[in-house]
Amino acid sequence: MFEGLSPTLVALAVVGGYLLGSIPFGVIATRMGGTGDVRSIGSGNIGATNVLRTGRKDLAAITLLGDGGKGALAVFLAWLATRDHTLPAQAVLTSLAGSAAFLGHLFPVWLGFKGGKGVATFFGTLIAAAWPVGLAAGATWIVMAFLFRISSLAALVALAVAPLYVFAFGRPTPIAVMALFMGVLSYIRHAENIRRLLKGQEPRIGGSKAAAEPKA
């Protein structure tokens with residue numbers, strides 16, 4: 001699997017990807033924006049959805065772009081490092097870097113390993129690794145959100161079908177493994193949302209969140 005990839009390069013991709021993913025853009029944006037620590041607001045999550053509850057759309061946008069961008073950057077740097085390698089080797093290293101960035105977002109070392117749910121990082125990573133797959137997953141989110149008006153449900157469906165899109169578009173197997181890895185971890189982080197969905201209590205987009213604050 002690691003043919004042509006040196007242990008040093010693999011280690012740099014994994015460690016570097018994790019550290020990039022660990023950058024808590026939601027915490028940084030809210031503190032620099034003067035709204036306090038996002039972890040003390042709403043659901044306490046560090047993602048863009050919770051940042052939006054500060055009433056600052058600009059800070060939420062910064063968080064969304066930052067969380068997606070850090071996954072994309074990890075993949076891009078791994079791609080640059082393997083431009084003279086075989087395509088299978090390049091797919092392996094970019095997938096490792098992307099998976100590590102995703103893991104960093106969920107369990108950031110800077111925040112005591114308490115991070116977000118990774119939806120934005122998932123899309124950013126996937127678009128960088130295989131843009132048709134990322135766009136297809138994003139389109140799935142949009143369609144599901146339009147039909148059911150539930151953000152978490154749209155994300156869960158997109159996470160589930162992403163590995164299938166990898167094969168549908170003929171992309172390398174390591175990308176599918178990465179998509180599956182990210183999906184499984186994000187499903188675990190969405191446990192509370194899944195329980196509310198099963199009870200019919202998950203808030204809808206634009207609806208009241210008084211009953212239960214979803215962590216995005």
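**View 1. The helices of the protein.** The protein has 10 helices and zero strands. The model is predicted. Along the sequence, the pattern reads α-α-α-α-α-α-α-α-α-α. The radius of gyration of the protein is 17 Å, close to the 17 Å that the globule rule gives for 216 residues, so the protein is as compact as a globular protein of that length. The C-alpha trace spans about 55 × 35 × 25 Å along its principal axes.

**View 2. Inside and contacts.** Of the 216 residues in the protein, 47% are buried. Now take the contacts between residues at least 6 apart in sequence. Among these, 62% join residues at least 24 apart.

**View 3. Surface and charges.** The protein carries 18 positive and 8 negative charges.

**View 4. Ser186 in helix α9.** Find helix α9, which covers residues 173-189. Ser186 is part of helix α9. Is Ser186 buried or exposed? Its relative accessibility is 0%, so Ser186 counts as buried; the cut-off for buried is under 20%.

**View 5. The contacts of Ser186.** Which residues does Ser186 touch, leaving aside its neighbours within four places in sequence? Ser186 is in contact with Phe102, Leu106, Lys117, Val119 and Leu159.

Methods. Residues are numbered from 1 along each chain as its sequence is written. This is a predicted model: local features need pLDDT of at least 70, side-chain atom pairs count only at pLDDT 80 or more; totals for chains, interfaces and linings use all residues. Side-chain values use heavy atoms; hydrogens and water are left out. Helices (H or I, at least four residues) and strands (E, at least two) are DSSP runs, numbered from the N terminus. The radius of gyration is taken over C-alpha atoms; the globule rule is 2.2 Å times the number of residues to the power 0.38. Buried means under 20% relative accessible area, exposed over 50%, partly exposed in between (1.4 Å probe, protein chains only). Contact means heavy atoms within 4.5 Å. Lys and Arg count as positive and Asp and Glu as negative; His and the chain ends are not counted. The place of a charge is taken as NZ of Lys, CZ of Arg, CG of Asp or CD of Glu.
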